[in-house]
Amino acid sequence: MNFIKRAFLNIKEKKGRSILLLLVMSAILLFVLSGIIIQNAAKSAIATAKESSNATVTLTANREQAFKKTRKSKSKPTTLSLPSVSIATAKKIAKSSYVKSYNVTNSTTVNAKSFTAITTSTSSSNQGPSMGGSSKSQSSSQGDITLSGVSSTSTILSSSSAKLVSGRGLTASDADTNNVVIEKELAKDNSLKVGSTIKVKDTNDKVRTLKIVGIYKASNTASTGGMGQSDPGNTIYTSAQYVNKVEGTTGKAESVTFTMNNPAKASTFIKQAKKLISTSKFSLTTDDSTYQSLLTPLNNVKSFANKIVWLVSIAGTIILALIVILMIRERRYEIGVLLSMGEKRWKVISQFFTEMFVVLIFSTIIAVIGGGFVGNYMSKELVSQSTTSTTSTMTVSSGQGQGGAPTQGGMPSGGGATQQSQSVGNQQSSLSNLEVSVDMMSIIELFGFGLIIILIAILAGTVNVLRLEPKKILIL
Amino acid sequence: MITTKNLTYWYDNADEKLFEDINLQFDAGKLYAIIGKSGSGKTTFLSLIAGLDTPKSGTVEFEGEELKKIGLMNYRKKCVSMVFQSYNLLTYMSALDNLLCAMAITGAKHTGDKRYALSLLDKIGIDEDNAKRKVTKLSGGQQQRVAIARTMCCDSRFVVADEPTGNLDESSTNDVLELFKQIAHEQNKCVVIVTHEFDVAQKCDSIIELRQKKFEQV
């Protein structure tokens, strides 16, 4: 009969003690597993947030430098001259491995010719949009239609502020074509549909024909930006190259927005990109607010889960070590008898280890069954606490600094803060569904923790008894 | 078989030596009794010759070889078997398992042989039903018999017993002493028992009394 058989016999015969150990061990492992799976879920959510939060870096003219230059100039009247971004330079920058995609934006104004633009009264009577006629509030120096040139509408028309409702969006293949995507209200009021053609007159009074390939719907929150700005329904998307054509330029853009593969690498990308541009003329601004707002609660959850794992492991080791010490004291005669028969000390320790190992296997099974439930409950509590605190912090900060960030080129203007908070809100609602599941790696990790806990507990429990001679153990 | 040379022992916290310069010899085929007053050092002496403790000075030799050379653990495993007053059986096992366990640890010739273990138990009056019961369910006399059977199933040639009859009635005491005699005489082993009962000692082949730190043949 070797030590393994002795261990099994002991577990079988001392049922009460085995059940007590099983319960204690299961409780410890349950919390360790919950910590591990929440930690893993937070890690994976951070990775997902990196991929999905679409941090962007926008290349635009450096307005600050341009203002400084204008103020230094002695000629009057002072006119702000902003340099255009070269699309060729943007293409070079976009070759960086950190860039997932890029979007060139350009805009100009034209006047509606074969159709009527939407006019909005900004008076206090709070009237809705009206058709035709002139509006006193509109600036007469600008055209009534904004032609927004982009390389692709995929990002713009899948956001919370605008959605494609009919036809198709614009892609790189629409470059140099007169294909456009117009707003639903504008299409409805002028009985236009996908396939129709419209005519506009540019600033040189040249009439241009545009072909409608898609219709989008601007959200209700995308309100007019204020004085001198057109109704969002008057924004027509076309290719950046076509806008260049209307303006009589080539290869120029107002801004280029680079979407990052990994938001955490935005600053590295900016350093890289600055080598390719003149920083006195152009600036690069990062918008990773969504990523940052997601990162804070996730990091809190991860750090809390980490603390749970370590605290429970340490407390569990202490509790188990105390139980093992008591158990071994109770079994000192058995140890003495075994040693007096010539049993090796390591075999006595191995017997205790085997007993605890069997308990560990069953405890792991119980922890795996219950860990999913406990982990889910704990993660929901943690995430809701973390997101609540982050949202309140964000509300305070957005209240203080509204209107600072430039809107992404060509997007229906206005309501920037609302859009940002909507986006963050959407992402955070997905946080409440933090994917907590027990996978094989978590089980292996848990088992590893369990093994270390029982090893330390057994060594702590046996070292005092086993260093003695059998006679001393027997007369203890 | 067992020789002590100038064996001396004292407890670290005691003012006086327990015994001093003990020179004794124990031969195979004989049953020895060591008697003495309580606290005189009988059990300590037994621990030293059983390899459970080490002397302060002097040596213990087994068949001419010092225990230190044999190695205490090896000595306990191969050369000596012990019986205690409180039986010291493994309480979560049956009588049969106790024997099988002892055989496995000591690497006895009949390791794993259940029939041999059962026959030994039967020989000392433990039938198969009792042999398969947990030892805690057996009477004191039966448990002591199991402890003796445990020494018989191992191949060791030296058996020591500390107050083996201390918890037993007269009838069981006689049975146990008979068993020790059988072990000594039939199996040609050396058996040393420690007792404070003179009646028990008288039934042994040789009596050694520990008096005033010295051992004297009675």
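How many helices and strands does the secondary structure of chain A come to? The secondary structure of chain A comes to 13 helices and 14 strands. Helices (H or I, at least four residues) and strands (E, at least two) are DSSP runs, numbered from the N terminus. The model is predicted, so local features need pLDDT of at least 70 and side-chain atom pairs count only at pLDDT 80 or more, while totals for chains, interfaces and linings use all residues. Residues are numbered from 1 along each chain as its sequence is written, chains are lettered from A in the order in which they are written, and side-chain values use heavy atoms, without hydrogens and water.

Chain A has 476 residues, and 45% of them count as buried. Buried means under 20% relative accessible area, exposed over 50%, and partly exposed in between (1.4 Å probe, protein chains only). Among contacts in chain A with a separation of 6 or more, 83% join residues 24 or more positions apart. Contact means heavy atoms within 4.5 Å.

The two chains touch. In this interface, 22 residues of chain A are in contact with 26 residues of chain B. Together the chains bury about 2200 Å², with 62% of it on carbon and sulfur atoms. Buried area is the accessible area (1.4 Å probe) that two parts lose on being put together, summed over both. Between the chains there is 1 salt bridge, defined as a side-chain nitrogen of Lys or Arg within 4 Å of a carboxyl oxygen of Asp or Glu. It joins Glu13(A) and Lys134(B), at 3.7 Å from N to O. There are also 3 residue pairs in polar contact between chain B and chain A, both residues at pLDDT 80 or more. A polar contact is a pair of N or O atoms within 3.5 Å; within protein, one must be able to donate a hydrogen and the other to accept it, and residues adjacent in sequence count only if both atoms are side-chain atoms. On the side of chain B that touches chain A, α1 (42-49), α3 (72-78) and α4 (95-106) each supply at least two residues. The largest share, 7 residues, comes from α4(B).

Chain B holds an open sheet of 4 strands, in the order β2-β1-β4-β5, with antiparallel pairing. Its edges are β2 and β5 (65-66) of chain B, each with a single partner strand, so one side of each is left without a neighbour in the sheet. Strands pair if DSSP finds at least two bridges between them. Strand β4 (residues 57-62) of chain B pairs with β5(B) over 2 bridges. Here Glu61(B) stands opposite Glu66(B). Strand β2 (residues 19-26) of chain B contains Asp21(B). Asp21(B) is not a glycine, yet has a positive phi of about 50 degrees.

Over all chains, the salt bridges come to 16. Glu63(B) and Arg157(B) form one, with their closest N and O atoms 2.5 Å apart. Glu63(B) lies in the loop between β4 and β5 of chain B and Arg157(B) in the loop between α7 (140-153) and β7 (158-162) of chain B, so the pair ties together parts that are 94 residues apart in sequence. Glu63(B) is partly exposed at 43% relative accessibility, and Arg157(B) is partly exposed at 36%. A further salt bridge joins Asp175(B) and Arg145(B), at 3.6 Å from N to O. Asp175(B) is in helix α8 (residues 170-186) of chain B and Arg145(B) in helix α7 of chain B, 30 residues apart.
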